[in-house]
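Good morning. Please bring the structure up on the screen. I will walk you through it piece by piece.

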Amino acid sequence: LACYAASTRHPARERQVRLLKARDDIAGVERLLDEIQSQPWSAEEQDFAEGFGSRRRCQIPTTQVRLTAPVSARIEHHAMEQLACSGRRVWHLENSFPLSLAGLAYWPIVFAEVPGAFVNPFQAGPVDLYWEDFLTPRQALFEAQEAKLAEDIGAVLRTTYAAKAGVNNRLVSWGAFTPEVLAAVLATIPPSDLHRLARYVLQNLARARVGFPDLLVLGEPGYYEFVEVKGPTDRLQPAQRIWFKTLAGFDLPARVLKFTD
């Protein structure tokens, strides 16, 4: 316990919890779990704290579909074909969707002239992009951009895309987040939902860059969902469970499409 307490890396606190549990120190277990959940070191650690012992993880909506024949293509492509049968548009974007959205929405923040952030002319982002205190020296700029996004995030995204298309930005995947995707997203997803998602990503870049659901599914205006595809032997990873909990907290539609043998 003393050795693990001296560490600041996961899974040190998880190991402490398990040792405390073995010693029947329930108060110590609860105290440390509360500490982890208030300031998790990683998505894996947060997921452990939520699932350990009597604590229950967020119930993730899951649709199970039985495979009637072997799938020759990737399981995500098979899912896209199934979902597109209903007339909806489907893109396999994974993490490039939330990251590109945040990169476009907060472009002035990413490339703000903060001392020491850029040390050569070829950087696709500041050196502190994934640091926990990334927003601290940019707080005033962030608040100003928030006001613009709250007023009309669609206009900000369109203007930025037109002005910066092709410019190297560590967050924006131009090959995946195409003009077609942007137009469809703005025509379908409510602006307030886009703003909440983009803001969360910028405020949690280190953790939000992995684990987002595989597919973006768009239907008629107002209908959309994020779908994580799992094959018969696949299971959700901690970062993916954390994303599902986050999306549920924002009341954004997301589910798992689980194929079974």
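I will start with the ground rules, then take the sheet, the helices and a few single residues.

This is a predicted model, where local features need pLDDT of at least 70, side-chain atom pairs count only at pLDDT 80 or more, and totals for chains, interfaces and linings use all residues. Residues are numbered from 1 along each chain as its sequence is written, and side-chain values use heavy atoms, with hydrogens and water left out.

First, the sheet. It is open and has 5 strands, in the order E1-E5-E4-E3-E2, with mixed pairing. Helices (H or I, at least four residues) and strands (E, at least two) are DSSP runs, numbered from the N terminus. Two strands pair if DSSP finds at least two bridges between them. At the edges sit E1 (62–66) and E2 (89–92), each pairing on one side only. Neighbouring strands are turned by 25 degrees against each other on average, direction ignored. Axes here are lines fitted to C-alpha atoms, for helices over the stretch in contact, and angles run from 0 to 180 degrees between N-to-C directions.

Now look at E4 (residues 224–230) and E5 (residues 254–260). They run parallel and are joined by 5 bridges. Lys-230 stands opposite Lys-258 in E5. Helix H5 (residues 75–84) packs on the sheet. H5 touches E2, E3 (215–218), E4 and E5, and its direction makes about 165 degrees with that of E2. Contact means heavy atoms within 4.5 Å.

Stay on H5 for a moment. Glu-81 lies in this helix. Is Glu-81 buried or exposed? Glu-81 counts as exposed, at 51% relative accessibility. The cut-offs are under 20% relative accessible area for buried, over 50% for exposed, and partly exposed in between, with a 1.4 Å probe and protein chains only. From Glu-81 to Phe-212 is 131 residues in sequence and 20 Å in space, C-alpha to C-alpha.

Next, a helix pair. H8 (residues 139–164) and H10 (residues 191–203) pack at about 160 degrees, with their axes 9 Å apart. That angle is why H8 counts as roughly antiparallel to H10. The class takes angles over 145 degrees. On the H8 side, the contact is made by Phe-142, Glu-146, Leu-149, Ala-150 and Ile-153. On the H10 side, the residues include Pro-191, Leu-194 and His-195.

In H6 (residues 96–105), 10 of its 10 residues are buried. In H9 (residues 179–188), the buried residues are Val-181, Leu-182, Ala-184, Val-185, Leu-186 and Thr-188. What covers them includes E2, H6, H8, H10, E3 and E4.

Now Gln-46, in helix H4 (residues 43–51). Gln-46 is buried, at 11% relative accessible area. Which residues does Gln-46 contact, leaving aside neighbours within four places in sequence? They are Ile-36, Pro-40, Arg-207, Ile-242 and Lys-245.

Last, the loops. The peptide bond from His-10 to Pro-11 is cis, with omega near 15 degrees. Pro-11 is in the loop between H1 (2–5) and H2 (12–22). Glu-94, in the loop between E2 and H6, is not a glycine, yet has a positive phi of about 50 degrees. Glu-94 is partly exposed, at 28%. Asp-251, in the loop between H12 (238–249) and E5, also has a positive phi, near 60 degrees. Asp-251 counts as exposed, at 67% relative accessibility.

That is the tour. Thank you.

Notes
Angles under 35 degrees count as roughly parallel, over 145 as roughly antiparallel, 65 to 115 as roughly perpendicular and the rest as oblique.
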